[in-house]
Amino acid sequence: MSWIQQLIETYDDNQALAGKPGPNGVSDELPPVGHMIVNAQIELTVDAEGNFVQARAIPKEDEPTLIPCTPDSASRTAGPVPHPLHDNLPYVARDYSDYATIKKENPYDLYTEQLKAWVDSPYSLPAIRAVYHYVTHHAMIHDLLQEKILYEESPGKIMEKWDRKKVSAEKPLLYQVAADSVLKSLVRFRVIGVEGKPELWNNPEVQKAWQDYFVHNHEKKQALCYATGQMTIPTAKHNKGIRFPGDGAKLISSNDKEGFTFRGRFDKPAECLSIGYAASQKAMNALRWLIRRQGYLVDKSRVFLAWGRMGVAIPSLTKSTRQLLLPTRRAAHAEKQPNTMATWAQALTNAMNGYRHEFKRQSTSQVNVIILDAATSGRMSICYYDELAGQDFIGRVEKWHLHGMWQQHDYDDNEKKSISFFGVPASKKLLQACYGVNLSDTRLRLETERLFTAIEQGRDFPAEFLTVGFCTVVKQAAVQSDRFNWRNNILEPVCSVVRYHFYHQKEEYSVALDENNTNRSYLFGRLLALADKLELATYRPEERKTRQTNAMRYMEIFADRPATTWRTVQKKLLPYEHRREAYGGKERKLIHKVGSMFDESDFLSDAPLDGRFLLGFYAQEYAIDQEIEQRKREKALREADEDYTDNADGEENA
């Protein structure tokens, strides 16, 4: 089944939500057929007789407005094409020409002519007639000036942008929210004193009246819809504003008769492609709605979207494990965060089973995956599209989170602190770990697509991710002044990539130290970690955040020539070993133990190390940190017991 059919059926499955504000208000609601969401800057209220009542500038957060539209007005660019009801000032203000020059055909005349046809039809409403009476009998610009919404720069000339030099008053709200000239502001109408909601953009009766009126005017024109296979009202123009507000790119578009889109092969454009008006509206509105709800937008250009056609929730392909499980924990009455790799894995499995349960309730449930981008401002392309069974999709997402699971550190915006979790990082953090934080937007879009499709298809990442990530980790070890930033933002995300890669090579690795692993790269990683910890233990607390150990400084060359470099590191380690002897020299003993696990030829070889080196390095440091934390907890418990005993003895003596 094609992508457009899937979007149409998705719309039909969720039609009960059409016209109803979403969790974030109008901005993410599903528009009904014949409607679109735009940003309005002025709200004007009239009474049932069409008399002016009041006007106000709309705050930025309240701007998204659902308005009726025609195929022409929804896709308008430069030419004057009016919307049916709510529109910009040049269309709705009778006295606009008194304050601004109209270069082409008067938009106001086109607007009132179209609105009058609706008012005179059987599908009119008292609220629509009130708006028509106001716009044809009252001077809107004059009213807005009286209400201090607009200001004059000089008699007969509107101040299009606020000029503090000419007006000493505080900048009015309309001039704050207007992206361009205030004369381009869109006006939405409220009508009081009539039945139904005063806010016409949220009035279901107005929405239904417009739909019925449009069908009545066009029902005689029928053609075959290539998307549904039915005879229906056709359209050659399709909605824009799909990826974000103001987006001018369309998924379906055509040149005029001057171009060569269809000429030479077809006589008329309709012979090339014929899409029904309702089918186009449903598909584009559903796509827009899905992107607002669960799409991932990179650089306001490339959109990554996966959705369940039957309306079931699906996990994101781009979120970190913590972000993926966060809604589950909130829903479970703020359940305590897991604290071990095993408990995180169990929490992930439980979450995935919840998704599977939803899919089992729908025998035909499937997941659709689509990537959109626009090479130009007017045309959008489908870069990737796939359909797969819901169970398969859940399994592939779970595979990435389980087999790429590693300890990660992230910053919690709500709690304002760094937190740790076991899982995989968000896609952007992973790519920045591999390619650097200054990764260009173009490169970020391309690499996100490679990452996205690899997870969705359940295959290993491109070998480049592992190679580049490994090189970035060892190079940055010497130049990063903050070792914690290096660990949290570079080493840990790359370890997820390495672990996921070796899972596909039938090898299992964990954050927990594998003391029986004799792989050469893994053992050399452990050796360097022990050298790092031994030297770091001799530093003062203030030095640990800024001073680099010899192990970190030599990490890059160590990864290239481990045997030769290890002798250099050992020599530089001698003074630190002498300082640590007072504490038993535990690290030195561990170094000897790990060294004894090598095969002699492996230890003497200068062949470069692979990704297992990073896993061994991290696992050894993690094991030492866990041991230190355990000793601290035991010490705290002993001190608490001693305090309790002293207090008890004191009370007994008293």
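Where is Asn14 found? I looked it up: Asn14 is in the loop between helix H1 (3–13) and strand S1 (35–39). Helices (H or I, at least four residues) and strands (E, at least two) are DSSP runs, numbered from the N terminus.

I noted that this is a predicted model, where local features need pLDDT of at least 70, side-chain atom pairs count only at pLDDT 80 or more, and totals for chains, interfaces and linings use all residues. Residues are numbered from 1 along each chain as its sequence is written, and side-chain values use heavy atoms, with hydrogens and water left out.

**Asn14.** I found Asn14 buried, because its relative accessibility is 12% and buried means under 20% relative accessible area (1.4 Å probe, protein chains only). Its side chain reaches the backbone oxygen of Thr10 at 2.7 Å.

**Glu577.** I located Glu577 in helix H21 (residues 562–580). Glu577 is buried but has no salt bridge, that is, a side-chain nitrogen of Lys or Arg within 4 Å of a carboxyl oxygen of Asp or Glu. The nearest side chain of opposite charge is Arg588, 5.2 Å away. Lys and Arg count as positive and Asp and Glu as negative; His and the chain ends are not counted. Beyond neighbours within four places in sequence, Glu577 is in contact (heavy atoms within 4.5 Å) with Leu534 and Arg588.

**The sheet.** I traced an open sheet of four strands in the order S3-S2-S8-S5, with mixed pairing. Strands S3 (52–57) and S5 (87–88) are at the edges with a single partner strand each, so one side of each has no neighbour in the sheet. Two strands pair if DSSP finds at least two bridges between them. S2 (residues 42–46) and S8 (residues 186–191) pair in the parallel sense over five bridges.

Technical notes
Buried < 20%, exposed > 50% of the residue type's maximum accessible area, 1.4 Å probe, protein only. Polar contact = N/O pair within 3.5 Å; in protein donor to acceptor, adjacent residues only side chain to side chain.
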